[in-house]
Amino acid sequence: METVDHRVVDIALERVPGSSFEGFVQAYFAATIGHQYVPLGGTHDGGADAIEDSGLYESSTPTRFLQASVTPDTIGKIRRTVRRLRAFGRDPRSLVYATSQRVPVIDKLENDLSEEFDVRITIRDGAYFSAHINDSPGTKQAFSSYLAPSVSFLKEIGSSRLVDELSSLPARTLCVFIGQELDRRRGKTELLEAVTDSLILWSLEGTDPDKGLFLSQQQIEDKVIETLPAAKKFFRGVFPHRLDFLCSKTGNSRQINFHKKAKGYCLPFETRKLIREENVEDETLRLKVSDIFRQRASKSLIGDTDNLPHTEQVVEVCHKAIHQTFHAQGLEMAMFMENELESRRESELPAIQDHIHRAMEKLSVKPKVASLIGGTALSVLPGAFYESTAEERQYFRKLCRTYILLFMLKNEPRIVEYFRGMSSNFNLYIGSDLIVRCLSEHLLSKDDQMTKNALRIMKDSGSNLILTEKALDEVWHHLKGTNLEYRNNYQEIHNHLTPDLVSQIGKILIRAYFYARFSDLDAGRKPLDWSRYLGSFITVSDLGNDRSRDELRAYLVNEFGFKFEDEKEMLAGIDPSEVAQLGDAIFDARGKVGREEESERILSRNAAATVLRVYQRRSVSHERAGENPFGYKTWWLTQQSRLQGATGSLVAQKRARYMMRPEFILHFLANLPSATQVQISYDQVFPSILGVRLGNRMDERAFKEIVGKALDVYDQMDESRAKVFLSRASEQLQSDFAKRYEDSDFFRPIG
């Protein structure tokens, strides 16, 4: 779902009727807290029914309530609600007041009303909903269902859009991530290999051969991916190789032992001993930091001995606020902590005050002491940053290393959200080579249909997948040629072929057919013969006539959700002489030997038409470099990288590439974890000692390199400049055919 424009939310909140706002509030809180408030009186008890307030809701906890209102009188409405609840026998201890209005000095108002009624009052005003409307798919859906109708007139007159492309985009943070991905090109995988080694060692903490405690390869993988879901694609790509490396003997020792009898892995005794010592040190470090917080809090509270019992709450809030700060501004925290103590500036410190307030909400601090706890925590944490002890610096730096590890693995909410937004951004002209590859995956398990799944994900996310008439013709001719090759070369000997011989067959569909026959597929799924296999896509007996071409088009449109673009639409506005000239250059660059020249010239002209169509559509759609944080919208998705040599002058003239690399989608856009998964991952890591332990496993050189790049980006760019840089960097990453991916060998020529 696309990002909602905050300005449109503001307009909608000004116009929304009370009943729609109440529905929005219910849906919003259901999406953010995971359970629904129900209308008061839903159980039809007399007292609740008598209140008769359509905007008042209760939780499953009988003392917690939610009030939704569009009235401008916030103070009066809250007072009347609390009094009426008590008058009808309710005992409110917590009231969330949601209003479409903008409320000034909310903190003071919350404190005053909380003290007046001894009820924890939380106010969520229009400014809050506008700022948090894009927090999750659920919050965006709440807008779409209940607020969007109030601003439908904007669509009709074209005066504004309901969506904006990440207006609050953390561009500099994303520039750092994209930049390090661009640097990691061919042969430069050392950084992420170091991270993988760290994760493998961490996963094996607790193994012990004397107690029969081992982990299988699958258990190691599952443990890492469960804790760091965004690491799935990268980790699986390099995991087997790195596990073998760690098990190999270097010097006089191995970092990991494999026990054949137990069929499991464990850490050697010396490594286990070292890790146990580290864990004791980490627990001790956390306790020391807590004690430092406690001492600072006690000094602040010493004037009133009645307040001293609240010291432990202050310590808990301080830790929680630090975790919240890393969650929202981890890269900024890492840069801040890496500065020498004397060079830290107050302007560089992330907004800790906001996170203290959020921490108190999560810890359900009682209303009567919220002001005291929050104020004391705010007096404690600046000392931790500007007058920090050695223990505090050590603790923070361990957490910084943990954050950078998550950052490198894309297990960072802002990075995941960026790539999710990108996946809905594109107009992709799908190359015939990828369509044939999708057909070859037909009998694989769903998890192994890599190309097919990637295209489906892009389609479901909102991108347009375009099948041109020229690409359709190429696939159709490929099927006809493949059928003839099978009939002429393999039909008579199909029972005598072995997997090794099949691996040498050039045509990918013929290879896929034989691999399916060799596999352990259910009898109902195994292809009985070639005609039935090819018949999954087309009527084989009709292959020689145009009827089969139309049938293939209908199948591809139905199966993949392609939008069909005929030749007339594709070539509209394109100079035929340009197609011919570029086609000749591509023909020379392809240099195919042994094929009929006329067929080669047709393929070359088709490629030229597709290249020019990409540029022409960009021009018509006013796609300009640097304006879209995701890069250009329109691309040709294909593996035909050989064409780039013939189109170099055109690319230079247009100052932009036209071909997107399929591996980019597989590695950055397909298999993204959900926002919920990443949130759970963060909640598992930072609120526990696990975060500190993971920091121990972070490679120091890799950490320094990322933070150094971040400092360069933040020093050299403001957010506006960074958005332009991000657009160009994303564009470069999408079209980088020199970058090495962990499973790039998957894309063999289709034959």
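Visitor: What order do the strands of the open sheet have, and how do they pair?

Guide: In this predicted model, the open sheet is built from five strands in the order E10-E9-E8-E11-E12, and the pairing is parallel.

Visitor: Which strands stand at the edges?

Guide: The edges are taken by strand E10 (563-565) and strand E12 (659-660), and because each has a single partner strand, one side of each is left without a neighbour in the sheet.

Visitor: And how many bridges does E12 share with E11?

Guide: Strand E11, covering residues 634-637, pairs with E12 in the parallel sense over two bridges; for Leu637, the bridge partner in E12 is Met660.

Visitor: Which helix packs on the sheet, and what does it touch?

Guide: That is helix H21 (residues 469-489), which touches strand E8 (427-430), strand E9 (464-468) and E10, and whose direction makes about 65° with that of E9.

Visitor: Switching to helix pairs: at what angle do H13 and H14 pack?

Guide: Helix H13 (residues 269-301) and H14 pack at an angle of about 125° with their axes 9 Å apart, which makes H13 oblique to H14, and the crossing of the two is right-handed.

Visitor: Which residues make that contact?

Guide: From H13 the contact includes Arg286, Val289, Phe293 and Leu301, while H14 contributes, among them, Glu312, Val315, Cys318 and Ile322. Sorted by class, the contact of H13 with H14 has eight nonpolar, five polar and three charged residues.

Visitor: H14 has another neighbour, H15. How do their axes cross?

Guide: The axes of H14 (residues 311-338) and H15 (residues 352-362) come within 8 Å and cross at roughly 120°, so H14 and H15 are oblique to each other, and H14 passes H15 in a right-handed crossing.

Visitor: What's in that contact?

Guide: On the H14 side the residues include Val317, Ala321, Gln324 and Ala328, and on the H15 side they include Ile352, Ile356, Arg358 and Met360. By class, the contact of H14 with H15 has seven nonpolar, four polar and three charged residues.

Visitor: Last topic, salt bridges: how many are there in the whole structure?

Guide: A search of the whole structure finds 32 salt bridges. One of them joins the side chains of Arg242 and Asp197, at 2.8 Å from N to O.

Visitor: Where do those two residues lie?

Guide: Arg242 belongs to helix H12 (residues 232-247) and Asp197 to helix H10 (residues 190-203), so the pair ties together parts that are 45 residues apart in sequence.

Terms used:
Residues numbered from 1 in each chain as written. Predicted model: local features only at pLDDT ≥ 70, side-chain atom pairs only at ≥ 80, totals over all residues. Heavy atoms only, no water. Axes fitted to C-alpha atoms, helices over the stretch in contact; angles between N-to-C directions. Helix = DSSP H or I, 4+ residues; strand = E, 2+ residues; numbered from the N terminus. Parallel < 35°, antiparallel > 145°, perpendicular 65-115°, else oblique. Left-handed = near helix turned anticlockwise from the far one by under 90°. Contact = heavy atoms within 4.5 Å. Nonpolar A, V, L, I, M, F, W, Y, C, P; charged D, E, K, R; others polar. Pairing = 2+ DSSP bridges. Salt bridge = Lys/Arg side-chain N within 4 Å of Asp/Glu carboxyl O.
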